[in-house]
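This briefing covers a sheet, a helix and a set of aromatic contacts. Please read it alongside the sequence and the structure.

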Amino acid sequence: MGNLLRREFFLVWVILAFLLVFIFLLGPAPDKQTRTHSHNLNPESKFLIPDKIHGMGAIEIIIDGNLYRYQRDNKMDWFYHDQNHMESDNHNHGTNKKQSDKIKYSLAGFGRTQKERSFTFDFRNDEYGVMKPKLYLLIYENPDDTKPSIKISVGDIAPDNLSRYVLVNSQIYTIANFHIDNLLNLIDETVS
């Protein structure tokens, strides 16, 4: 009985030593925070718009050449800027509180859009549908800016049918497709 107990005790120590050597040889786990992309505004941001809604003074949504612009007024309330009225010098931007809240709510949700995956983009092969998309998003930091701070080309829906490819600063990301659907719903609900 004593020899059997010693062999089992020895066997346990051999197995434990083997496991420790195996764990040591594997080394530390890879760093999951390694970034594979760069973003001009904030390379560490996991968000599509680094400053979320606070980084937006205006957003232009271009669908098949039709422009829909939402912007803030001097009180920081959101409104739909009707492009048909831009030609008149005295068109007003009377903000409707209910509509302003709806726009703010939708754009706050879009501002929280997170990048899911990152891909290298090959300009010779548009496998993500971002070269000639039907939908573009232009984000302006301030409503009076003439140059957008972020240009987003919205491409195809990914094979999982939940994500969508977007091109930002020559980098492809996937984002949750419902964010794009919410912007399209915003247009349907606010444009008469």
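A residue counts as exposed when its relative accessible area is over 50%, and as buried when that value is under 20%. The model discussed here is predicted.

**Helix α3**

- On one side of α3, Asp188 and Glu189 are exposed.
- The buried residues of α3 are His179, Ile180, Leu183, Leu186, Ile187 and Thr190. They cover an arc of only 110° around the axis, which places them on the same side of α3.
- An α-helix has 3.6 residues a turn, so residues three or four places apart point the same way.
- Helix α3 runs over residues 178-190, and its 13 residues should span 18 Å at 1.5 Å a residue; the end C-alpha atoms are 18 Å apart, which agrees.

**Sheet**

- Eight strands form an open sheet with antiparallel pairing, in the order β3-β2-β1-β5-β6-β7-β8-β4. The edge strands, β3 and β4, each pair on one side only.
- Strand β1 (residues 58-63) pairs with β2 in the antiparallel sense, over six bridges. Alanine 58 has glutamine 71, in β2, as its bridge partner.
- Strands of a sheet pair through backbone hydrogen bonds, either parallel or antiparallel.

**Aromatic pairs**

- With ring centres required to lie within 6.5 Å, the count comes to five aromatic pairs.
- One of them is formed by tyrosine 70 and tyrosine 80; this pair is tilted, at 5.4 Å centre to centre with 55° between the planes.
- Tyrosine 70 belongs to strand β2 (residues 66-72) and tyrosine 80 to strand β3 (residues 78-81), so their pair ties together parts that are ten residues apart in sequence. Both tyrosine 70 and tyrosine 80 are buried.
- Phenylalanine 119 and tyrosine 165 have ring centres 5.9 Å apart and planes at 70°, so this pair is edge-to-face.
- Phenylalanine 119 lies in strand β4 (residues 118-119) and tyrosine 165 in strand β7 (residues 163-168), so the pair ties together parts that are 46 residues apart in sequence.
- Phenylalanine 119 counts as partly exposed because its relative accessibility is 21%, whereas tyrosine 165, at 10%, counts as buried.
- Phe119 and Tyr165 form one aromatic cluster together with Tyr128.

**Charge over a ring**

- Arginine 69 has its charged end over the ring of tyrosine 140, 5.1 Å from the ring centre.

Definitions and conventions: Residues numbered from 1 in each chain as written. Predicted model: local features only at pLDDT ≥ 70, side-chain atom pairs only at ≥ 80, totals over all residues. Heavy atoms only, no water. Phe/Tyr/Trp six-rings, centres within 6.5 Å; stacked < 30°, edge-to-face > 60°. Helix = DSSP H or I, 4+ residues; strand = E, 2+ residues; numbered from the N terminus. Buried < 20%, exposed > 50% of the residue type's maximum accessible area, 1.4 Å probe, protein only. Lys NZ or Arg CZ within 6 Å of the ring centre and 35° of its normal. Expected span 1.5 Å × (residues − 1). Arc of directions from axis to C-beta. Pairing = 2+ DSSP bridges.
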